[in-house]
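Subject: Two-chain model, handover

Hello,

Here is the structure I said I would pass on. My notes on it follow below the entry.

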Amino acid sequence: MWQALWTQIADLTLIVVLLRLMTPILLSALGGLISDIAGVINIGLEGLMLLSAFTSIAVGAATDSWVIGTIAGVAASVAMCYVMGFFSIKLKVDIIIAGFAVNIFGSGFTVFLMSKIYGLTGNYSPENLNPIPNVVIPGIQDIPVLGKLLSGHNLMVWISLIAVVFCFVLLYRTPYGVHLRSVGEAPAAAKSLGIPVGRVQYSALAWSGVFSGLAGAYMSMGMTSMFVKDMTAGTGFLALAVVLLGNRNPVGIFFGSLIFGLASAVTTIVQTTPGSQVPSQFIQMIPYVVTIVALVIFAVRKKRKLLTQAS
Amino acid sequence: MTILLEMKDIHKVYPNGTAANRGVDLTVYEGEIHALVGENGAGKSTLMKILFGLEAPTSGTIEYKGKPVSFKGPKDAIEQGMGMVHQHFMLAPSLSVSENIVLGEEPKKGPLSMFRDRATERRGIVKLIETYGLKVDPDARVETIPVGQKQRVEILKVLYRGARLIILDEPTAVLTPQETDELFASIKALVGQGYTIIFITHKLREVMEISNRVTVIKAGKTIATLNTKETNPEQISRLMVGREVLFRVEKQPAEPKEPVLSIRDLHSVDDKGAPALRGISLDIRAGEVVGIAGVEGNGQTELVEAITGLRRATSGSIRYLDKELVGKSVANIRAMKIGHVPEDRQTTGASLTSTIAENLILDHYRNPEFKRGPFLNKKKIKQFAKVMMEIFDVRAQNEEVLAGSLSGGNLQKVVIARELSKNPKLLIASQPTRGVDIGAIEFIHREIIKRRDGGAAVLLVSAELSEVMALSDRIAVIYEGEIVAVLDNTPELTEENIGYYMLGLGKKHREKEGAAQ
């Protein structure tokens with residue numbers, strides 16, 4: 001097992017797998033971040049991803065275009081966010097409850113549609129799917145190490161990395177970003193200066209919809225080529241943990257996602273190694289154990305920081 | 001002198017029938033400091049909301065710079081050159097000072113640009129700070145700067161938006177005497193540059209010190225507008241309350257006896273786990289009032305909570321008579337004739353969704369006197385409540401009125417009635433008169449002194465230094481979780497003396513009270 005792991009690290013397969021698995025966590029965590037910063041923490045990321053994953057693959061297969069599929073998935077996710085905003089911002093339903101409702105809805109509704117439209121219960125894998133392409137960089141792909149590092153990744157991997165920079169610029173270099181932060185922290189202050197608090201919060205939820213939509217589309221049309229019932233398997237909740245762990249800033253979230261991506265990558269590699277002696281159930285626990293450990297470390301560090309500040 | 005703002009015969013009746021303003025007139029001259037005073041609920045804040053377009057008046061007219069105006073929201077008022085510094089700071093703690101100042105009006109790189117122009121922003125703010133002499137670090141995060149500076153940020157905010165008329169809503173409530181002096185200097189400097197200030201307060205000393213004219217509002221009506229030079233605090237308070245008010249709490253010198261409460265080297269942490277009490281030692285004797293003076297957030301809350309069992313002490317001891325309080329439950333402690341008036345009557349002091357009668361027996365309902373078998377004895381409770389409301393002057397239709405519908409002063413009287421009805425040997429009064437009008441303050445102060453004279457030990461915690469000085473026999477100054485000075489409250493003691501210790505500038509202590517053990 002260790003041997004297999006080592007060879008995969010040495011030939012950079014680990015990095016490739018890591019990037020593949022990190023992408024959905026990173027994208028949905030960025031979505032969670034923006035909503036959290038604006039004071040409307042969206043815990044419905046999981047449901048949004050499922051909704052987008054199903055919509056994008058269904059539309060993508062029907063139109064034979066991953067572009068239209070992805071746009072449809074993102075649109076479905078954003079529309080759901082507006083519904084969520086209507087309930088939580090306009091009707092003042094607790095945002096956590098609204099988020100839970102979205103999770104339950106996303107899980108149930110996709111299964112319902114899958115059975116109604118395709119008559120399937122477990123998973124849907126269209127034969128003629130035109131998935132989100134991999135980016136092969138000519139010239140670089142043949143260079144030994146660099147080729148494997150830079151070339152051949154899925155387009156969405158690159159989009160997720162660009163999204164980190166995009167979020168950083170959005171939050172810290174535009175007035176809109178300052179408004180988002182002020183609305184989340186001191187809504188009364190923002191309102192007293194004429195910032196439309198409700199509208200900013202709607203927009204923050206919409207951003208979380210965009211990013212979880214992209215994550216969902218990637219899950220069904222990039223990482224795999226199928227939709228499986230509840231295929232997100234807790235990614236949305238991992239993403240929320242990453243938001244905290246990343247200290248609520250895009251760069252921190254990138255590193256947080258790396259840790260979780262690594263945990264998932266190790267899991268995948270060990271699982272696919274023949275002759276492993278560790279029961280697979282234990283291996284599958286790794287990402288979740290990492291979540292708990294990471295959050296505990298985070299809490300302890302935060303407490304220590306507070307104590308040193310005070311003395 | 002030209003008239004800058006004229007509000008005429010403003011009426012405001014809320015849909016539920018409450019008349020908050022019933023004919024208010026306010027005329028403000030350009031370049032003056034105009035004090036607006038009145039008891040709580042007199043209609044000051046409603047008037048300001050109307051001026052700022054947050055509420056529409058039922059009738060009445062507003063003229064600003066000679067033209068009739070009606071604002072639809074704060075943005076309109078801001079555009080016309082008005083600015084308001086709210087009593088509770090309207091700042092986002094994790095943003096920097098400069099981000100807070102420009103919030104909503106950030107300079108951008110070009111008219112169509114999406115991006116902040118941080119260089120221009122910084123230049124503008126540095127210039128603003130220099131022009132008005134309101135010193136504060138533009139790059140510091142707001143959560144890291146002291147209260148006095150936060151207030152400067154608020155003032156800079158309105159100046160940045162080009163305000164010429166600045167409304168300050170009880171700006172000194174959270175400041176130390178030194179910070180208040182600095183604020184007053186800034187205000188005077190602003191007026192010197194042609195700004196106009198409306199200063200809302202209920203501290204008459206400040207009215208006398210800083211204002212040119214003063215408008216008194218009572219029960220939604222303007223009672224009078226006076227030139228400050230031609231009036232005195234007694235006259236203003238008479239107009240505010242409608243009767244004579246005693247300013248000095250009348251009390252005889254204390255006759256302290258044996259210690260009732262002895263705190264030794266008490267340590268505790270705040271809600272975040274950071275140290276809040278760092279070795280407090282203090283004795284309170286029967287028949288004396290010990291006041292805790294300090295800037296809010298220096299451990300006062302934690303100290304009171306530790307004594308009353310609401311917060312765990314990490315180390316140290318609290319002896320009450322001959323018992324140890326550390327480790328005892330709240331119910332146990334309350335059963336030992338310790339009365340506690342909590343600092344927040346809305347959340348800790350009373351149950352707002354219960355009736356007055358229920359609130360009055362919250363602490364006594366286990367008492368057989370109020371029970372009939374396993375049930376509550378409604379009749380006895382009603383009688384008890386009626387008597388208490390009579391004694392403590394709680395003004396409400398009957399004892400079945402919900403506590404949440406009472407005014408601040410009346411609700412506080414309910415809390416105080418409950419705590420005093422058990423004849424405490426130790427009374428802990430935390431902010432006993434916060435947000436309470438002058439008439440009720442007088443009453444509450446008299447009750448506290450009455451208990452002292454009856455032999456109770458009283459621990460008074462108050463953010464109002466004047467209150468601490470008026471009631472206490474000894475004053476303990478708390479700074480960052482330590483008692484830095486214990487001063488005898490002699491007539492020579494001034495606010496500045498105490499303020500010196502409140503800011504942590506000196507220490508005069510090491511309780512020699514170990515001897516009492």
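In chain B, 68% of the contacts with a separation of 6 or more are between residues 24 or more positions apart. For chain A the corresponding share is 74%. Please keep in mind that this is a predicted model, and that every value in this email is computed from it.

Overall dimensions

Chain B contains 17 helices and 22 strands. Its radius of gyration is 25 Å, close to the 24 Å that the globule rule gives for 517 residues, so chain B is as compact as a globular protein of that length. The C-alpha trace of chain B spans about 70 × 50 × 50 Å along the principal axes. Of its 517 residues, 43% count as buried.

Chain A has 13 helices and four strands. A compact globule of 311 residues would have a radius of gyration near 19 Å, and the 20 Å of chain A agrees with that. Taken along the principal axes, the C-alpha atoms of chain A fill a box of roughly 60 × 60 × 40 Å. Buried residues account for 45% of the 311 in this chain.

Domains of chain B

Nine residues from domain 1 of chain B and twelve residues from domain 2 of chain B take part in the contact. On the domain 1 side, α6 (177–192) and α8 (233–241) of chain B are the elements that give two or more residues. α8(B) gives the most to that side, with three residues. By class, the domain 1 side consists of four nonpolar, four polar and one charged residue.

Nonpolar core

The largest nonpolar core has 224 residues, and those with the most contacts inside it are A:Leu30, A:Val242, B:Val414, B:Leu460 and B:Val477. Domain 1 (3–241) and domain 2 (259–337 + 423–516) of chain B both give residues to this core, so it lies between them. As for B:Val414, leaving aside residues up to four places away in sequence, it touches B:Ala350, B:Ile356, B:Asn359, B:Leu360, B:Val394, B:Ala403 and B:Leu406.

Contact between the chains

Chain A puts 19 residues into the contact and chain B puts in 22 residues. On the chain A side, α8 (175–185), α9 (187–192) and α13 (280–310) of chain A each supply at least two residues. The largest share of that side comes from α8(A), with five residues. The chain A side divides into ten nonpolar, five polar and four charged residues.

Helix α1 of chain B

Which residues of helix α1 (residues 44–51) of chain B are buried? They are B:Lys44, B:Thr46, B:Leu47, B:Ile50 and B:Leu51. These residues cover an arc of only 165 degrees around the axis, which puts them on the same side of α1(B). An α-helix has 3.6 residues a turn, so residues three or four places apart point the same way. After α1(B) comes B:Gly53, with a positive phi near 80 degrees.

B:Lys337 is not a glycine, yet has a positive phi of about 60 degrees. B:Lys337 sits in the loop between α10 (330–334) and β16 (338–341) of chain B. With 16 C-beta neighbours inside 10 Å, B:Lys337 counts as partly exposed.

B:Glu480, also a residue other than glycine, has a positive phi near 45 degrees. The loop between β21 (474–479) and β22 (482–488) of chain B holds B:Glu480. Because there are 16 C-beta neighbours inside 10 Å, B:Glu480 counts as partly exposed.

Regards

How values were computed: Residues numbered from 1 in each chain as written. Chains lettered and ligands numbered in written order. Predicted model: local features only at pLDDT ≥ 70, side-chain atom pairs only at ≥ 80, totals over all residues. Core = buried A, V, L, I, M, F, W, Y, C linked by C-beta atoms within 7 Å. Buried ≥ 20, exposed ≤ 12 C-beta atoms within 10 Å, placed from the backbone. Domains from an automatic or database assignment. Contact = placed C-beta atoms within 7 Å. Nonpolar A, V, L, I, M, F, W, Y, C, P; charged D, E, K, R; others polar. Rg over C-alpha atoms; globule rule 2.2 N^0.38 Å. Arc of directions from axis to C-beta.
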